[in-house]
Structures are given as C-alpha cells and as structure tokens.
Amino acid sequence: MKKICLLAALLSMALISCSKNISKNVKASPEVAFLTESKASGAKMNSKMAVNSFAVDGVYSDAAYEEDVEMESPASANGLNENGSSQMERKLIKNGYIQLEVSSLQEAESSIKNWCSSFGGYIESNNQNERNGSMSVRIPSSSFEEAMDSAENLGSVKSKNVSSQDVSESFYDLQTRLETKKIMRERLQKYLESAKDIKDMLQIEKELNSVISDIESMEGRMKRLTGQIDYSQIYVNYELPFRSDENHGFVMPDFGDGFRRFVSTVLDFFIGFFKIICYIIIFGIPLIAALGFFYWLLFGKLGLLKRLFKRLRGK
C-alpha cells in the first residue's frame, strides 16, 4: 500500500512539471505570438471598417474620414517617427525694430533700400516727412540676425529690439487639416463619379463644395502664415539730430508759432468758460426755479403736502 501511494505521488509530480514546461513553450512559441498579433490587428481592422462606413445615404462623412486618417497614421499626424522622436521644425515669426539717427533723410532712405536688397528683401511700406521717416521691410528669415547686426552701417543706432513668436503648433495643425481636406476632396470626387442616385449626387456635391471652400480658406491662411515665417519684418525708424535740418544747419525755435499756440490755448480756455456760464444760465436757472416752485407748492406757504399730513394725523 505504501509503494502504491509513493508511486502515485511521483506520477503527480511528473505531470505537474510537464504541464509547466508545456505552458512555457506555448507562451514562447512564435505561432502563439503571431495569433495574438493577428487578433489585435483584426480588432483594429474591424474598428477601421466601422469608421469607413457611409454617414448619410452613402455619403462619406467629414468626421469619419478624419478619424480614419488618424487611425491610419497616428505617428505622422503628430510629427513623430517610429522611435517617437519629434521631427517637426520650429516655425517662428521674427520681428525687429531699429531706431536710427541720421545726418540726411535722403541718404538714409537710399541706404536702407540698398541694405534691404542686399539680403534679398523688399520694402513693405515707406513714410517720410521733414525731419524723420520710417520703413517697414521684409527680410528672409535666414538672414534676419545678420541684417539686424549690420544695421549699424545705416546710421547711429539709438535702440534695437528683437521679438519672435512660435507658431509651430498652429502651422502643423493647419497643414494636417489641409492635407486631410484634400484627401476628402479626392474621395468625394470619386464617389460623385460612381454615384447613380440623384439624391446621392446632390448630397455628395453639397459635401464636396463645402470641402472645397474649406480648402481655399485654409490655403489662404497657410499662404499668409508661410509668408510671415519665411520673411521677417523689420521696422526702421530714422530721424535727424535735434534742432537740425537736411542741410546740417541749426534750426532756431519758432517763437512766433509758440506765441500763437499760447494765445490759442488762452482763448480756448475763456471760450470754454463762457460756454459753461451759458449752460448754467440756460438750463440751471429754469431748473432751480422749477424746484423752488414745487417746494413752495408742497412744503412752503401753500403747503399742500403738509396739510395732507396734518389731516391724516387728525384722523
């Protein structure tokens, strides 16, 4: 009996060890891993097929297609490679401001134009008066820092400021949505060619016109944003030295003009004071008279309101 029990115990231990080895082999088996991956990919394909369904009357919906594109290439939509590292180039809008003191406005204007042309830029706006002027120029962003550093050759630099705005997120978001809209346009055009029902054709044309309108709007925004990124704006303000003119002469203060301004200020003060007095006479006196009349009528000698209160108290 003891031998039978011992034999049974040894058999049970052997069976347990064999089952453990089998389970390990099964887990490590490439066939099992392949089946697991197949199930996972099948689930993704089923969800993708569900997204690729027609929205209404056989028309492919905007939201469904955008979700489909995101499921197809989530890494490319986020600007990431297979390792998860970012591949997006930073998109910056750079702006500069330069304040100059120059000896001649005409020479300064010519120097700024030549300076702008040497970097492949262009003049956006130009304003000038007797003693100062200003220019807004566009310089390629690749030459922005070099252009700002070389501004000392234009005149005496009084101040210089640089600012930048990071628009990477807006740029790539707009770019992704524009590409998605273009793919949708191609799909809708194919659906329109194969549509046989009039109702479906009208619905597809409506969706297609909406997508085309969105594409045109996005392309305009992308063009403006790209122009601001590729060409940085530099605002240059230049002026002559204090109390000097274009001929390098000293400009005397205009005492006659100063006296005329003083007399004009004094006259404006007295005219304003006279207007206030007129308003008081025209509107203030009648208002005061009306208030006095109501007081005399209700609380004064006639005292209608006072008599009414006395009668109410008497009761």
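Some ground rules. Residues are numbered from 1 along each chain as its sequence is written, and side-chain values use heavy atoms, with hydrogens and water left out. The model is predicted, so local features need pLDDT of at least 70 and side-chain atom pairs count only at pLDDT 80 or more, while totals for chains, interfaces and linings use all residues.

Start with the salt bridges. A salt bridge here is a side-chain nitrogen of Lys or Arg within 4 Å of a carboxyl oxygen of Asp or Glu. How many salt bridges does a search of the whole structure find? The search finds 9. I'll take three of them.

One is Arg90 with Asp166, at 3.6 Å from N to O. Arg90 sits in the loop between helix H4 (74-77) and strand S1 (92-101), and Asp166 sits in strand S4 (residues 156-166), so this pair ties together parts that are 76 residues apart in sequence. A word on those labels: helices (H or I, at least four residues) and strands (E, at least two) are DSSP runs, numbered from the N terminus. Now accessibility. Buried means under 20% relative accessible area, exposed means over 50%, and partly exposed is in between, with a 1.4 Å probe and protein chains only. Arg90 has 59% relative accessibility, so Arg90 counts as exposed. Asp166 is at 44%, which means partly exposed.

Next, Arg177 and Asp173. Their closest N and O atoms are 3.1 Å apart. Both residues belong to helix H7 (residues 168-194), and they are 4 residues apart, so about one helical turn separates them. Arg177 is partly exposed at 32%. Asp173 is partly exposed too, with a relative accessible area of 41%.

Then Lys182 and Glu219. Their side chains meet in a salt bridge, 3.8 Å from N to O. This pair links distant parts of the chain: Lys182 is in helix H7, Glu219 is in helix H8 (residues 198-230), and they are 37 residues apart. Lys182 has a relative accessible area of 31%, so Lys182 is partly exposed. Glu219, at 37%, is also partly exposed.

That brings us to H7 and H8. Two packed helices are described by the angle between their axes and the distance between the axes. For H7 and H8, the angle is about 155 degrees and the axes are 9 Å apart. Axes are lines fitted to C-alpha atoms, for helices over the stretch in contact, and angles run from 0 to 180 degrees between N-to-C directions. So H7 is roughly antiparallel to H8. The cut-offs: under 35 degrees is roughly parallel, over 145 roughly antiparallel, 65 to 115 roughly perpendicular, and the rest oblique. H7 passes H8 in a left-handed crossing. Left-handed means the near helix is turned anticlockwise from the far one by less than a right angle; clockwise would be right-handed.

Two residues of H8 are worth a look. Asp214 is in helix H8, and is partly exposed at 28%. Is Val211 buried or exposed? Val211 is buried, with a relative accessible area of 4%. Val211 and Lys182 are 29 residues apart in sequence, and their C-alpha atoms are 8.1 Å apart.

On to the rings. Aromatic pairs number 7 in this structure. Rings of Phe, Tyr and Trp (its six-membered ring) pair if their centres lie within 6.5 Å; planes under 30 degrees apart are stacked, over 60 edge-to-face, and the rest tilted. Trp115 and Phe119 form an edge-to-face pair, 6.3 Å centre to centre, with 80 degrees between the planes. Trp115 is buried at 6%. Phe119 is buried at 16%. Another edge-to-face pair is Phe269 with Phe270, at 5.4 Å and 75 degrees. Both of those Phe residues are exposed.

Last item, a charge and a ring. The charged end of Lys91 sits over the ring of Phe171, 5.0 Å from its centre. That label needs NZ of Lys or CZ of Arg within 6 Å of the ring centre and within 35 degrees of the ring normal.
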